[in-house]
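Hello,

Here is the structure I promised to pass on. Please open it first, then read the notes below.

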Amino acid sequence: MSIFELAGISFEYESGRKALDSVDLVVPEGEALSVLGTNGSGKSTLLYILQGLITPSAGTLKVFGDTAFTADKKTRIGIMFQNSQAQLFSLTVLDELMFGPLQHGLGVKEARSRAGDIMELLGITGLANRSPWQLSGGEMKKVALGTCLSTNPDIYLLDEPTSGLDPRSQVELVELVIRLKESGKTIITATHDLHIIQDISERAIIIGEDHRMLAAGASNEIVRMQDVLLKANLIHEHAHKHEGYRHRHSHFGIHEHPADEEEPGQGDMPVPGQKISKQEGKPGMSNLEERLKILLEHWQEHNAEHAKTYLEWAEKAQAAGKAELAATLREIAQESGRLEELFRKAEKQL
Ligand SMILES: Nc1ncnc2c1ncn2[C@@H]1O[C@H](COP(=O)(O)OP(=O)(O)OP(=O)(O)O)[C@@H](O)[C@H]1O
Ligand SMILES: [Mg+2]
């Protein structure tokens, strides 16, 4: 069953500021999904819509199969706000963590026991009698996550859960999300943290700076789509010196140094990150065409790089006396040539 089905969802704040534009998205039960996008792209707005806090300005939203966003559906969805202060209002952390369970009809004893379990799980038992308002940012974040866990929702909406956490707490949070995922929860996480998305989600979407869906795919593929990530302002290219020459690479991911990026003899001249400008779509292109154009360029670039590597390894295999393997690798390289042709053909058909 689909938990959420969004068709052409747009949202404008009262000021008339656009926050989401024509977003289509289906989230099946049990999926762990990351929502990526630069500041102001609309990630938090999307989570508010999925929690029923705000109603889309346009489009259709189905929750658990239909368009009625009833109170009982809302109670199945827990949200951890980006700004923890917006979430915390009780006098003590213990009260804060008991509030949800009490609202859900648990007795005081049970609610206290559940709050105790959660504090233990999050390593915040020592904060039980502190005021949530006098905690550090990271401590507040953990309490806010605790309030989310306290009602045992089926769906988790986590807005930037790792921001402001120290490295150990970040790892613990990732492990917690993995456990929630394994227990069958549906988890949607808005984040900038590309390093965690492969651990916390199978699938990721990117919302572009124009508030439209820019890309969607398996998390391990999305993190490698350097050009798309650049376009979405999720990574930046920078130039730096490396063994005497300058070259350029993106500031995330596998620190690749493909041979054709090396630009010897440029001294200390800055190399501007202009890679993305060549990918801007033609005027009049639809969103799908623009996205596909970027993807086709991305695939071609990688295909060309891979083809070089196959040949290099074919030579190595040959030198090591593995003639058969070398021949197969050469065959793979030839097939890459065929792929190149098909990519170009597809580009012309855009
Ligand atoms: N209450 C509001 N009133 C008016 N505009 C708003 C409001 N909240 C957000 N916006 C605007 O809506 C757009 C989307 O904001 P949103 O908070 O959803 O972005 P985000 O992707 O979560 O950004 P960040 O990474 O900074 O958290 C932005 O242009 C923002 O300025
Ligand atoms: Mg946000």
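**What was found**

Phe 64 lies in the loop between E4 and helix H2 (71-74). Helices (H or I, at least four residues) and strands (E, at least two) are DSSP runs, numbered from the N terminus. Phe 64 counts as buried, because its relative accessibility is 11% (buried is under 20% relative accessible area, exposed over 50%, partly exposed in between; 1.4 Å probe, protein chains only). Its phi is near 50°, a positive value in a residue other than glycine.

A word on the source. This is a predicted model: local features need pLDDT of at least 70, side-chain atom pairs count only at pLDDT 80 or more, and totals for chains, interfaces and linings use all residues. Residues are numbered from 1 along each chain as its sequence is written, and side-chain values use heavy atoms, without hydrogens or water.

Now the sheet. Three strands form an open, antiparallel sheet in the order E2-E1-E4. Two strands pair if DSSP finds at least two bridges between them. Strands E2 (18-28) and E4 (58-63) each have a single partner strand, so one side of each is left without a neighbour in the sheet. Five bridges join E1 (residues 2-12) to E4. Ala 7 has Thr 60 in E4 as its bridge partner.

Ser 22 sits in strand E2. Ser 22 also has a positive phi, about 50°, although it is not a glycine. With a relative accessible area of 33%, Ser 22 is partly exposed.

Finally, Glu 315 is in helix H10 (residues 287-319). Glu 315 is exposed, at 59% relative accessible area.

Best wishes

Conventions. Chains lettered and ligands numbered in written order.
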